[in-house]
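Take a look at the protein chain below. This report starts with one residue and then moves out to the whole fold.

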Amino acid sequence: MLSEHKLAAQAPFPAPALGEPYLLTPGPLTTSYAVKQAMLRDWGSWDGDFRAMTSEMRQRLLAMLGDGNGEFDCVPMQGSGSFAVEAMLGSFVPRDGKALVLVNGAYGQRIVQTLGYLGRDHVAIDKGDYMPPRGDEVAAALDADPAITHVILVHCETSSGILNPVAEISETVYAKGRKFLVDSMSAFGAIPLEVGDVRYEAMVSSANKCIEGVPGFGFIIARKSELEAAKGRSHSLSLDVHAQWAHMNKTGQWRYTPPTHVVAAFLEALRQHEVEGGVAGRGARYTRNRDVMVSGMRELGFETLLKDRWLSPIIVTFFNPAHPDFSFDRFYELMKEKGFIIYPGKLTVVDSFRVGCIGRMDEHVMRKVVEAAGQSLREMGVDTAAPPAAAIAERAKLAA
């Protein structure tokens, strides 16, 4: 059973002011009008006001780590989330180190690909499209290969929507005397990652995910001792986390032209995040979004790829109906006509699609999503959303 969340009754969020569709994706996502408005003013990247904005942003992000954040610092990095992930890998995995990557989706695979480009030695435990990595198999891999220095995990793998067991993996990694790096791109800000509960050397996330800002930069939060050790290690001038950190702490400025409007929008998003109740409040809304949407979709006959214990409140994968008149492309267009942009699936074994739960949306919107899905099925002549038997057989492989 999905969890029950008793939230105080709140007025529905206003619909997007410009009439654009809701983005039911793992980012970019639907943002508030106030976040959009924050981008209407120009800022000088060298000006004291903008430097103060950058400082406030960094401190607000560090505050999400809970007790012990004095050991960490926050380094924003221009570019998409993948830029920030590459910056983290190139700066914190030594050139003579070796990484163990835990893969169960496209973003773990991208980490493997990135390490290849960087020339960093690496191995992977590949669990396929969605199976979660577990502590015992990580322990066995570390025992078998003493050369491994770092373990890397995607916190929420949005290929499937699985929330990976980050605390379990962290405990195993440090019990074996190794270091842990976390790609929390699609989880940070809604899923707790406090350093008192989960140990890691560095994590990375992005402006356009659970904080509900817009695309343009990511950020690396790392132990100061690891930042100091990263001096001269990076493969890249632009993606050198130590150099960005040292310059920012010395001058208050970014080394190269920052996305000023995006930072202004993100700062507004951070303030809204705090008003909502921080990580706990944001996570509760997303979880309620998921529960309402999944319950409604199941009533229509749709089946989720993952069993309830593995469902994240970020994005959910559904199997395509087996009905011969169902076409995802047509379903997508019908949903878009009704004001909702969904996401195609990334599974290699069965056909699927994904529905995001994050962004400036609430349970009222999610009920409309379910209504739109039901109407779209009727317009396609699909009288049942039941998946093929092969899909259910695939799901049965996932441990309870």
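Thr260 sits in helix 9, which covers residues 260-276. This is a predicted model. Is Thr260 buried or exposed? Thr260 is buried, because its relative accessible area is 10% and the cut-off for buried is under 20%. Which residues does Thr260 touch, once those up to four places away in sequence are not counted? They are Trp43, Ser45 and Phe50.

**The whole chain**

Now step back. The protein chain has 13 helices and 14 strands. Along its principal axes, the C-alpha trace spans about 60 × 55 × 35 Å. What radius of gyration does the protein chain have? The value is 21 Å. A compact globule of 400 residues would come out near 21 Å, so the chain agrees with that expectation.

Of the 400 residues, 57% are buried. The accessible surface of the chain is about 16000 Å². Carbon and sulfur atoms account for 51% of that surface.

Contacts tell us about the fold too. Take the contacts with a separation of 6 or more: 74% of them join residues 24 or more positions apart. Charges come next. The chain has 42 positive and 47 negative charges.

Thr172 belongs to helix 6. Its relative accessible area is 13%, so Thr172 is buried. Apart from neighbours within four places in sequence, Thr172 is in contact with Gly135, Val138 and Ala139.

Asn164 lies in the loop between strand 7 (162-163) and helix 6 (166-175). Asn164 is buried as well, with a relative accessible area of 3%. Leave aside its neighbours within four places in sequence, and Asn164 still has a list of contacts: Asn104, Pro132, Pro133, Leu153, Val154, His155 and Glu157. How far is Asn164 from Arg255, 91 residues apart along the chain? Their C-alpha atoms are separated by 34 Å.

**Cysteines**

A disulfide is a covalent bond between the sulfur atoms of two cysteines. How many disulfides does a search of the whole structure find? The search finds zero. The table gives their values.

| Cysteine | Closest cysteine sulfur | Sulfur distance | Relative accessible area |
|---|---|---|---|
| Cys74 | Cys210 | 16 Å | 0% |
| Cys156 | Cys210 | 7.8 Å | 3% |

The sulfur of Cys74 is too far from that of Cys210 for a bond. Cys156 is also too far from Cys210 for a bond, at 7.8 Å between the sulfurs. Cys74 counts as buried, and so does Cys156.

**Two backbone details**

Where is the cis peptide bond that involves Pro28? This bond joins Gly27 and Pro28, with omega at about 0°. Pro28 is in the loop between strand 1 (22-23) and helix 1 (33-37).

Glu212 is the other detail. Glu212 has a positive phi of about 70°, although it is not a glycine. Its place is in the loop between strand 9 (202-206) and strand 10 (217-223). Glu212 counts as buried, because its relative accessibility is 2%.

Conventions
Residues numbered from 1 in each chain as written. Predicted model: local features only at pLDDT ≥ 70, side-chain atom pairs only at ≥ 80, totals over all residues. Heavy atoms only, no water. Helix = DSSP H or I, 4+ residues; strand = E, 2+ residues; numbered from the N terminus. Rg over C-alpha atoms; globule rule 2.2 N^0.38 Å. Buried < 20%, exposed > 50% of the residue type's maximum accessible area, 1.4 Å probe, protein only. Contact = heavy atoms within 4.5 Å. Areas by Shrake-Rupley, 256 points an atom, 1.4 Å probe, with all protein chains shown as cover. Lys, Arg positive; Asp, Glu negative; His and termini not counted. Charge placed at Lys NZ, Arg CZ, Asp CG, Glu CD. Disulfide = S-S within 2.5 Å.
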